[in-house]
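Here is a short walk through one model. Keep the sequence and the 3D view side by side.

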Amino acid sequence: MSLNPQLSVCIDAVYEGVDEVEAISRVAQCGIEAFEFWCWWEKDLDRIVKAGDDNGLTIASCCTKFVSLVDPAKRDEYLQGLKESIDAAQRIDCKTLISQVGDFRPGVPREEQHQSLVDGLRQAAPMLEKAGITLVIEPLNELVDHVGYYLVRSDEAFEIVGKVGSENVKVVFDIYHQQISEGHVIDRLTRNINDIAHFHAAGNPGRNELTRGELNYHEIFAAIRKTNYSGYVGLEYWPVGDPDASLRDVVAMCEKES
């Protein structure tokens, strides 16, 4: 099945509490050809790879180690975690690593934390380029889900990756988070599409099915479809109803017109 945009399912969210092999199988049965997850270091990667292969699925993304990028004192720890994550990503043939950036450091000027982020990613870039893997930094909302997090607005995220200047360092644009943090999601994502290498999607409020709440995903996906974006939209939500039915609803929304 050809979907536009391409979909990936975060099995840790949509199928929370379900055995990973069963979750991967159910993703395939819903007509979606990719999945993702969070912490590779907590997974049986061989088992996950086999389940993906058995169902003909691609692993779209996973996370790098959760170490602060806004604290220069933790730079070496971050880079070591990234090296381990690159090794894991290559092992499972995953081309995208998602990176959170850490919490705001009280008492430290924001511009210093911003520069630490830029400097750390500049150091990371050669590792990523050599491996052929893209790292995407993730702005998150601080009003509902991530109180105290540093990177809240996508405009700062785009500014950061612009300063880094590597094709292997981009942004994951989480439509749910950015609706809460700043709104105007269609305008923001279309204007900055060349700096986006992954999307996340959930309904708002509630972070549930895409068909619930104030976000018009039919129009959002249509806007993405009109750009040159060729990556994945990761479905990262907690369904209120049947998860399989909710995924089929998104597939129907994304079926590419012939």
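What follows covers a helix pair and then some salt bridges.

The model is predicted. Start with helix 4 (residues 75-91) and helix 5 (residues 110-131), which pack with their axes 11 Å apart. The angle between them is about 30°. Angles under 35 degrees count as roughly parallel, so helix 4 and helix 5 are roughly parallel to each other. Their crossing is right-handed.

Now look at the contact itself. Helix 4 contributes Arg75, Leu79, Leu82, Lys83, Ile86 and Gln90.

Next, the charged pairs. The structure holds 21 salt bridges. One of them joins lysine 43 and glutamate 20, at 3.0 Å from N to O. Lysine 43 sits in the loop between strand 2 and helix 3, glutamate 20 in helix 2, and the two are 23 residues apart. Both lysine 43 and glutamate 20 are buried.

Helix 4 returns in another pair. Its glutamate 84 bridges to lysine 65, in the loop between strand 3 and helix 4. The closest N and O atoms are 2.7 Å apart. Glutamate 84 has a relative accessible area of 28%, so it is partly exposed. Lysine 65, at 22%, is also partly exposed.

Glutamate 167 and lysine 170 form a salt bridge at 3.4 Å. Glutamate 167 counts as exposed because its relative accessibility is 62%. Lysine 170 counts as buried, at 7%. Elsewhere, salt bridges with shared partners join Arg153, Asp155, Glu182 and Arg188 into one network.

Key. Residues are numbered from 1 along each chain as its sequence is written. This is a predicted model: local features need pLDDT of at least 70, side-chain atom pairs count only at pLDDT 80 or more; totals for chains, interfaces and linings use all residues. Side-chain values use heavy atoms; hydrogens and water are left out. Axes are lines fitted to C-alpha atoms, for helices over the stretch in contact, and angles run from 0 to 180 degrees between N-to-C directions. Helices (H or I, at least four residues) and strands (E, at least two) are DSSP runs, numbered from the N terminus. Angles under 35 degrees count as roughly parallel, over 145 as roughly antiparallel, 65 to 115 as roughly perpendicular and the rest as oblique. A crossing is left-handed if the near helix is turned anticlockwise from the far one by less than a right angle, and right-handed if clockwise. Contact means heavy atoms within 4.5 Å. A salt bridge is a side-chain nitrogen of Lys or Arg within 4 Å of a carboxyl oxygen of Asp or Glu. Buried means under 20% relative accessible area, exposed over 50%, partly exposed in between (1.4 Å probe, protein chains only).
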